[in-house]
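This report describes how parts of one protein chain pack together in a predicted model.

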Amino acid sequence: MTLLGQAAIFLGAALLVVPLCHRLGLATVLGYLITGILIGPNLLDLAGDANTVLHFAEFGVVMLLFIIGLELEPSRLWVLKRSIFVLGGLQVFVTGCLFSAIGVALDFSLVTSCIAGFGLAMSSTAFVMQLLAEKKQLTTRHGREAFAILLFQDMAVIPLLAILPILSGGGNQEYNLTYFAKVIGVFVLLIAASRVVIRPVFRLIAASKANELLTAAALFIIIGIAVVMDKLGLSMALGAFVTGVLLADSEYRHELEANIQPFKGLLLGLFFMAVGMSTDMHRLTNEPLLIVGGAIALMTLKFLVLIIIGKFVGNPWQTSIRLGVSLAQGGEFAFVLFSSATGLKLLPSELSDRLILIVTLSMALTPLAFFLLEKLVEPLWNKQEKRAFDEIHADDHENPVVIAGFGRFGQIIARVLKMHKIPFTALEGDARQVDFVRRFGNKIYYGNPSHVEMLRAAKLDKAKVFILAIDDVNDSIRTAMQVRHYYPHLTILARARDRRHSYQLMDIGVHVVTRELFASSLDVAQKALIEAGLSPERAAQGIQKFREYDEQLLIRQQAFYQDEESLIASNKQAMRDLEELFESDERAAENS
C-alpha cells in the first residue's frame, strides 16, 4: 500500500469513528483507540504494519510534551506549588508504589513492576479535563485539585520516559562520565540557545511576514532536539519538554503553541490509533474476567488512594470522593509508557497488551462512575439541607439582607456589605461552592433558595432586602416567584442573565432588575467613545441617554416580548428613534 493510500485510510477512519464516539459520550482518546482496533489486524486489517506507524507517530508524543513544557511557566508552577507537588507528588508516589508492590507480589521483576505500577498511576488529562469542563466543575475545589494532580503527572512522565533507555542498556551506549558530560553540555546549550539564538531568529522571521516560516521553525526546533536526544540515547520527549519549559516565558510562546497544535493533534491521534492497532483484542474475549476485573480493581484502588490523600490534605469527604471519581481511570500516558517500554524489551508484549486493555476499559467506565456519583451518592449529601435549616436557626440571625446565590455576583455584593458592617445571610444551592467559599471564612449556608422552607429558615420575614443573584435562569425565576408570593413586603434586587430573563422577572413583579453585562458594556462603550475622539462630558451624556432610553424600552417591550415579530419591529423602530435623538442633539450642539 502506498503512503498516500495509508494516510487516506487513517484520516477517513478517524473522521468517521471519532466524532461518532464523541456523540456517544466517549473521550476523543478512546475514539482514536477504537479506530485503530477497527482498521488494525484484529478486525479489518486495512492499515498495514502497526509498529511502523507507531514509530512515526511517536513524534506526536514529542510535540505533546513540548506544548506541556510551554505551558509550565515557572511563575505559574510557584503559585500552584502546594497543590501540584504535595497532592500530585503523593498521588503518583503512593499509587505507583502500591501497584509496583502488587506486581512484585505477582512474581514480575522489579523493573517491570515499577513501569507497570507508575504507568497505571497516571490518569487521563484529556479525558478528565473534558469531563470536568462539560460538567462545569473545573473551578470547583476538586476540579482545581484534579488539574494540579494531572499537571504533576504530566511532569512525572518526563523522568519516567527518560529513564527507560538507561534501564534497557540503550544498545551500545555506555553510561559513563563522558556520556553524562555530553548530556549536561546539551542542556547547557539548550538554555543558551533559547535565550541567545531562538528568540532573535523568531524576531527575524516574524519581521519577514512569512508566517509559514514560523511553523517551519517550530517544527525544526522540535525535530532537531529530538534527533540530538536520540543520538545521545535519551528520550526525545525529554528534550522537547525541556525546550518547551525554556521557551515558556518567551513572547513567541503562543505563536509556537498555535503552530504546533495541529501537528500535535494529528500525530497524537495517529499514535493512539497505532496503539489500538497493536492491541490484541482477542485477549478481551479470551480473558474477560482478567481485563474487566483488572479495570475495576485499578479504579477502586486509585479511588481509595485519592480519598485518603484528599482527607490527609484537609478536604471534606465530598470533595475527596469527587476527586477520587475524577482521577480513578488510567490515562493516555500509560499507553505512551507501555509502548516505549515494550519497544525497549522492558515490558513483555503480552503484559503490555493486557495493561493497555485495562486502561482503555477504565477510561470507558469513567462516565459510568460519574453517573453513579451524581445519581446515587450526591442525593444523600443533599440531606445536608435539613441540617442547614437547623444551623441557620441555631445562629438565630435576623439579618436585614439575604443573598440567594453566592457566585461571582453575590460575592461582590457580600464584600461591599461586609465592608460597611451590614450583616447578611447567604444561601447557595451548590455544595461544592459552599465548601470553597467557607475556606475563606465567609458565612454561607447550603440549601436551595427556591424551597420555601429554606426561605423561612433564613428568616425572610425579618429581612429588608432580598438579593437574587442565582446564575441558573430557571432557579432564579422559581425563587423570585416564591419570595414574591410568601414575602410580598420584601424588596427584591435581582440579577438577570439577559433581556429575556429581565422580562420574566418583571412579569413576576420584580421591579429592580440589573442586567448582568449591561453596566459593564456601557462602561466599555463610554471609554471607546472617549478614545474615538469625543470629550468625556459628551461621552458620559451619550451613555446616560442610551441607558435611560433602553431602560424605558425594556419596560415598554415587556408587554409583547413573547411575540417575536412585534419584538423585532420594536427593536428596529427603537434603533431609528435613537439615531434621530442623537442627530437632533448634534444639531442643537452645533447651533449653540
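Helices H6 and H16 cross in a right-handed sense. In this predicted model, H6 (residues 110–121) and H16 (residues 332–343) pack at an angle of about 160°, and their axes lie 8 Å apart. Since angles over 145 degrees count as roughly antiparallel, H6 is therefore roughly antiparallel to H16. On the H6 side the contact is made by Ile115, Ala116, Phe118, Gly119 and Leu120, and on the H16 side by Ala334, Leu337, Phe338 and Ala341. By class, the contact of H6 with H16 holds eight nonpolar residues, one polar residue and no charged residue.

Is lysine 345 buried or exposed? With a relative accessibility of 74%, lysine 345 counts as exposed. Leucine 167 is 178 residues away from lysine 345 in sequence, yet the two C-alpha atoms are 9.9 Å apart in space.

The second pair is formed by helix H1 (residues 3–23) and helix H2 (residues 28–39), which pack at an angle of about 130° with 8 Å between their axes. H1 and H2 are therefore oblique to each other, and H1 passes H2 in a right-handed crossing. Ile9, Phe10, Ala13, Ala14, Val17, Val18 and Cys21 of H1 make the contact with Thr28, Gly31, Tyr32, Ile34, Thr35, Leu38 and Ile39 of H2. The contact of H1 with H2 comprises 11 nonpolar and three polar residues, with no charged residues. As a general point, an α-helix has 3.6 residues a turn, so residues three or four places apart point the same way.

Val473, Ser476, Ile477, Ala480, Met481 and Arg484 in H22 meet His501, Gln504, Leu505 and Ile508 in H23. The contact of H22 with H23 divides into six nonpolar residues, three polar residues and one charged residue.

Which residues of H23 are buried? They are His501, Ser502, Tyr503, Leu505, Met506 and Ile508, and His501, Leu505 and Ile508 are also among the residues through which H23 meets H22. After H23 comes glycine 509, which has a positive phi, near 115°.

| Helix pair | Angle | Axis distance |
|---|---|---|
| H6 and H16 | about 160° | 8 Å |
| H1 and H2 | about 130° | 8 Å |

Of its 592 residues, 47% count as buried. The chain exposes about 29700 Å², with carbon and sulfur atoms supplying 64% of that area. Among contacts with a sequence separation of 6 or more, 73% are between residues 24 or more positions apart.

Helix H15 (residues 317–326) is mostly covered, with nine of its 10 residues buried. The buried residues of H15 are Gln318, Thr319, Ser320, Ile321, Arg322, Leu323, Gly324, Val325 and Ser326.

Valine 275 lies in helix H12 (residues 253–278) and is buried, with a relative accessible area of 0%. Isoleucine 356 is 81 residues from valine 275 in sequence, while the C-alpha to C-alpha distance between the two is 8.4 Å.

Threonine 425 has its place in strand E2 (residues 424–428). Threonine 425 is also buried, with a relative accessible area of 3%. What does threonine 425 touch, not counting residues up to four places away in sequence? Its contacts there are Asn399, Val401, Val402, Ile403, Tyr445 and Ala458.

Methods. Residues numbered from 1 in each chain as written. Predicted model: local features only at pLDDT ≥ 70, side-chain atom pairs only at ≥ 80, totals over all residues. Heavy atoms only, no water. Contact = heavy atoms within 4.5 Å. Helix = DSSP H or I, 4+ residues; strand = E, 2+ residues; numbered from the N terminus. Nonpolar A, V, L, I, M, F, W, Y, C, P; charged D, E, K, R; others polar. Buried < 20%, exposed > 50% of the residue type's maximum accessible area, 1.4 Å probe, protein only. Areas by Shrake-Rupley, 256 points an atom, 1.4 Å probe, with all protein chains shown as cover. Axes fitted to C-alpha atoms, helices over the stretch in contact; angles between N-to-C directions. Parallel < 35°, antiparallel > 145°, perpendicular 65-115°, else oblique. Left-handed = near helix turned anticlockwise from the far one by under 90°.
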